[in-house]
Amino acid sequence: MATIRNMLKKASDCLAKGKSPTPVLDSELLLIHAFEAYQIRMNRIKLITESHQEVETNVEKAFMALINERSMGKPVQYITGKQDFMGLELSISEGVLIPRGDTEVAVDRAVSLKNGSEGLKIIDMCTGSGAIAVALAVRFPDAVIYAVDISPAALACARVNVEKYGLQDRVRLIEGDLFASLKGLNLENNIDILISNPPYIPTEDIGCLEDNVKNFEPLLALDGGADGLDFYSRLILDGAVWLKQGGCLVMEIGHDQGQNVMNMAEAGGLYTNVYLEKDLAGLDRCVSAIRR
Ligand SMILES: C[S@@+](CC[C@H](N)C(=O)[O-])C[C@H]1O[C@@H](n2cnc3c(N)ncnc32)[C@H](O)[C@@H]1O
């Protein structure tokens with residue numbers, strides 16, 4: 001039988017030859033997943049402290065099958081069905097965008113704008129896996145969140161996450177095209193936070209994305225129209241109908257979209273305090289604005 005250390009070395013060498021930019025981490029996460037399939041609890045620290053331990057053949061076989069899937073380009077998160085977001089473990093399924101660390105910038109911005117507020121009403125537009133909705137519901141324990149997506153697959157995944165954290169009383173999952181399905185809920189001029197990570201990749205750039213993104217993640221979650229900005233004009237204009245005075249609009253943006261989205265938010269006089277937040281790498285990441 002091979003030891004944990006030997007198996008990880010073999011697997012990470014194999015993934016390094018392929019397309020994974022993070023072969024060691026991928027191998028560790030997939031070995032933990034293989035152990036879990038046999039009810040053996042593992043974590044990355046134990047993989048190091050118990051690296052000399054021999055691995056049962058059934059776990060080894062399961063692990064090598066997972067490594068094989070990964071070597072074909074499938075993202076680790078679609079193999080394990082999990083992704084961490086804002087310290088929460090979320091369930092992820094194929095057909096749903098994998099939540100990114102980048103999106104935590106927008107969540108942090110929303111939290112800092114409304115820190116200490118109670119009874120918030122929040123819209124998470126384009127909720128996908130429900131990552132933003134769940135994180136804000138946990139952060140604001142009496143908030144009500146309307147989480148909208150056009151994709152039934154995304155909403156099914158979001159439902160799993162909402163139930164996992166026992167939030168079904170406060171996170172309402174709504175299927176529809178942006179704001180259309182919110183009509184009739186009496187939310188106009190009533191929303192404290194409108195947050196969204198919409199599709200924002202320019203259509204013609206999609207072919208240039210990394211293989212693991214363009215071959216596995218849903219086009220519906222990526223395609224932001226010819227210039228990538230289609231959704232921002234709708235969020236900014238239509239969003240003003242739903243936000244209350246002093247309510248905040250928080251949008252994740254692409255790394256080079258800051259000036260364009262700020263200009264859109266500043267035009268028309270609907271908002272004040274338009275603010276561009278950069279991420280730790282110094283790239284444009286989020287635009288926020290306050291409804292006049
Ligand atoms: C970039 S993903 C964001 C998912 C999630 N909020 C996150 O941050 O991980 C964009 C989401 O927008 C959804 N979407 C695309 N077009 C939409 C529309 N017209 N109305 C509502 N949702 C839409 C997609 O299904 C996808 O789940």
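I count Ala, Val, Leu, Ile, Met, Phe, Trp, Tyr, Cys and Pro as nonpolar, Asp, Glu, Lys and Arg as charged, and the others, Gly among them, as polar. The model I am reading is predicted, so I take local features only at pLDDT of at least 70 and side-chain atom pairs only at pLDDT 80 or more, while totals for chains, interfaces and linings use all residues. Residues are numbered from 1 along each chain as its sequence is written.

Entry: the ligand shell. I found 21 residues around the ligand, with C126, G128, S151, N197 and A221 the closest. By class, this shell holds 13 nonpolar, six polar and two charged residues. Helix α7 (131–139) and strand β4 (144–149) each supply at least two residues of the shell; helices (H or I, at least four residues) and strands (E, at least two) are DSSP runs, numbered from the N terminus.

Entry: helix α6. I call a residue buried if 20 or more other C-beta atoms lie within 10 Å of its own, exposed if 12 or fewer, and partly exposed in between, with C-beta atoms placed from the backbone. Nine of the 12 residues of α6 are buried, so the helix is largely enclosed by the rest of the structure. Among the buried residues of α6 I noted the charged E104, R109 and K114. The cover over the buried residues includes α7, β6 (191–196), β7 (243–252), β8 (271–278) and β9 (284–291), where contact means C-beta atoms, placed from the backbone, within 7 Å. Just after α6, G116 takes a positive phi of about 85 degrees.

Entry: F179. I located F179 in the loop between β5 (171–175) and β6. F179 is buried, because 20 other C-beta atoms lie within 10 Å. Leaving aside neighbours within four places in sequence, F179 is in contact with D238 and W242.

Entry: the nonpolar cores. I define a nonpolar core as a set of buried Ala, Val, Leu, Ile, Met, Phe, Trp, Tyr and Cys residues joined through C-beta atoms within 7 Å. The largest has 64 residues, of which L136 and L249 touch the most other members. Helix α7 gives the most to this core, with seven residues. A second, separate core of 18 residues includes I4, L29, F35 and L66.

Key: Near = placed C-beta within 6 Å. Contact = placed C-beta atoms within 7 Å.
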